[in-house]
Amino acid sequence: MRRKKNSKRKLELTKMKLFLLCLIVFIMFVGIGRSIGEKLTSKATNGEEKLAENEEKLELERKRKTEKEKEIKNNSEKEIKKEKHNEEKEETKKDTEVVEKDVQAKEIKEEEKPIDQEKEPSNDNKKVAYLTFDDGPSVVVTPQILDILDNCNVKATFFVIGSLAEQNSDLIKREYNSGHAIGNHTYSHNYKYIYGSVNNLLSDIDKCENVLKGILGDDFHSAAFRFPGGSFGQKKQPFKDVLKNKGIGYVDWNALNGDAEGHNIPKDRLVQRLVQTTQGKNKVVILMHDAGAKKTTAQALPEIINYFKNQGYEFKTIDQEALNGF
Ligand SMILES: [Zn+2]
């Protein structure tokens, strides 16, 4: 019995020991497990942190890249804009040059064009022809024209350039003494200068007038002024206003022989242009030139005078009466 009891106790003791051992082992496992878990967790956290860091770095890298790309894009856009601007500037420059050239060409052509829109100088039915010669006097052409006018007993008006009058004062005297009218056509005939400002124009007109007074006497007054290139167009308006205020009469033309359209134009063509541009007009102011290069102008003149005579025109010079009629 006793043995039985002892062995039962021993068994229970062994069971207890086993239980305790198991408990210790369990606790140990739990501890190890926890520490491993912690380590794993921390590792994972570290990993996550690193991952996050990496991602941040990547993000920063990406941002930098994008900014750089933007900068490059902006720069290239700026470059393009700059180029475009430069091109536009160049274009504008070219355009301006073209416009300037056009204006110059137009100004030169103005003398060549018949001024159809010009109103008739007077409204009565009497036919009057005013022959006018610009840009002289010249050594060869002017005397030929004066000879023809003398032979036909016709009076004309010479719009002379002051600097040429200075060089050919004898021709000015001959024009004047033959009963022709002398008009002022500026001293220099330099478009750039005279149309550079109102003062330039006035001083160039004065200079021409003083040259003529020097040749013909202080009492001389030019019959009228003629704008180089004519007074047509809005651009000339300020100049016209000043001349009106100063009492300086000016006259354009409403017919021409076309001798400004080139050198040595065949005389038949000059006559033809004159016939064309005078059609249906009772009062005609005809633009011609006695400049050195206009040799065919003198050749065409006898035929032109005959045409007007046959058409019943009376020849007159530009004078105050004529100016008032315009
Ligand atoms: Zn002229």
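Predicted model: local features only at pLDDT ≥ 70, side-chain atom pairs only at ≥ 80, totals over all residues.
For Val160, when its neighbours within four places in sequence are left aside, the residues in contact are Gly136, Pro137, Ala165, Ile172, Ile182 and His185.

Helix H9 is also paired with helix H2 (residues 141–152), the axes of the two helices coming within 9 Å and crossing at roughly 10 degrees. Because angles under 35 degrees count as roughly parallel, H2 and H9 are described as roughly parallel to each other. On the H2 side, Val141, Gln144, Ile145, Ile148 and Cys152 take part in the contact, and they meet Lys295, Thr297, Ala298, Leu301, Pro302 and Ile305 of H9. Sorted by class, the residues in this contact of H2 with H9 are eight nonpolar, two polar and one charged.

A second pairing involves helix H4 (residues 169–177) and helix H6 (residues 198–216), whose axes come within 10 Å and cross at roughly 75 degrees. Since the range from 65 to 115 degrees counts as roughly perpendicular, H4 and H6 are therefore roughly perpendicular to each other. Here Ser169, Ile172, Lys173 and Tyr176 of H4 meet Leu212, Ile215 and Leu216 of H6, and by class the contact of H4 with H6 has five nonpolar residues, one polar residue and one charged residue. Ile172, one of the H4 residues that meet H6, is also among the residues in contact with Val160.

Notes. Residues numbered from 1 in each chain as written. Contact = placed C-beta atoms within 7 Å. Axes fitted to C-alpha atoms, helices over the stretch in contact; angles between N-to-C directions. Helix = DSSP H or I, 4+ residues; strand = E, 2+ residues; numbered from the N terminus. Parallel < 35°, antiparallel > 145°, perpendicular 65-115°, else oblique. Nonpolar A, V, L, I, M, F, W, Y, C, P; charged D, E, K, R; others polar.
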